[in-house]
Amino acid sequence: ELLAAAPAEIQEQMARQAKAYANQKAGLIKALQGSSRNKFTEDQLNAKSVDELEMLVELADVSPAPFAGRGIPMDTDVSQVG
């Protein structure tokens, strides 16, 4: 109700923040699910806050893959260089 009465700029900013929060949370959950040591269900992870998920990611020594700025993979076969 309060957000509906807010100016359009505030509504847009809140929508962007909500989307960023959801994306961050999804990335943290995916990182934890990728660990063979993860014993949490997806529902259990979704019930946790981003702060708690960040602590679990640090504890598990996994990190969400940052995709920003990634280029095309390079061929690492150096035997044919020269």
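**View 1. Accessible surface of the predicted chain.** The chain has an accessible surface of about 7000 Å², and carbon and sulfur atoms contribute 56% of that area; areas follow the Shrake-Rupley method with a 1.4 Å probe, and for residues only the protein chains shown count as cover. Of the 82 residues in the chain, 17% are buried (under 20% relative accessible area; exposed is over 50%, partly exposed in between; 1.4 Å probe, protein chains only). This is a predicted model, in which local features need pLDDT of at least 70 and side-chain atom pairs count only at pLDDT 80 or more, while totals for chains, interfaces and linings use all residues. Residues are numbered from 1 along each chain as its sequence is written, and side-chain values use heavy atoms, with hydrogens and water left out.

View 2. Leu3, Ile10 and Met14 form a nonpolar surface patch of about 250 Å² (residues with over 30% relative accessible area and no salt bridge, nonpolar side chains being joined within 5 Å; a salt bridge places a side-chain nitrogen of Lys or Arg within 4 Å of a carboxyl oxygen of Asp or Glu). Isoleucine 10 belongs to helix α2, residues 8-33 (helices are DSSP runs of H or I, at least four residues, numbered from the N terminus). Isoleucine 10 counts as partly exposed because its relative accessibility is 38%.

**View 3. Serine 35 in the loop between α2 and α3.** Serine 35 occupies the loop between α2 and α3 (42-46). Its relative accessibility is 11%, so serine 35 counts as buried. The serine 35 side chain reaches the backbone nitrogen of arginine 37 at 3.1 Å.

Conventions. Patches are made of residues with over 30% relative accessible area and no salt bridge: like charges are joined within 9 Å, nonpolar side chains (Val, Leu, Ile, Met, Phe, Trp, Tyr) within 5 Å. Helices (H or I, at least four residues) and strands (E, at least two) are DSSP runs, numbered from the N terminus. A polar contact is a pair of N or O atoms within 3.5 Å; within protein, one must be able to donate a hydrogen and the other to accept it, and residues adjacent in sequence count only if both atoms are side-chain atoms.
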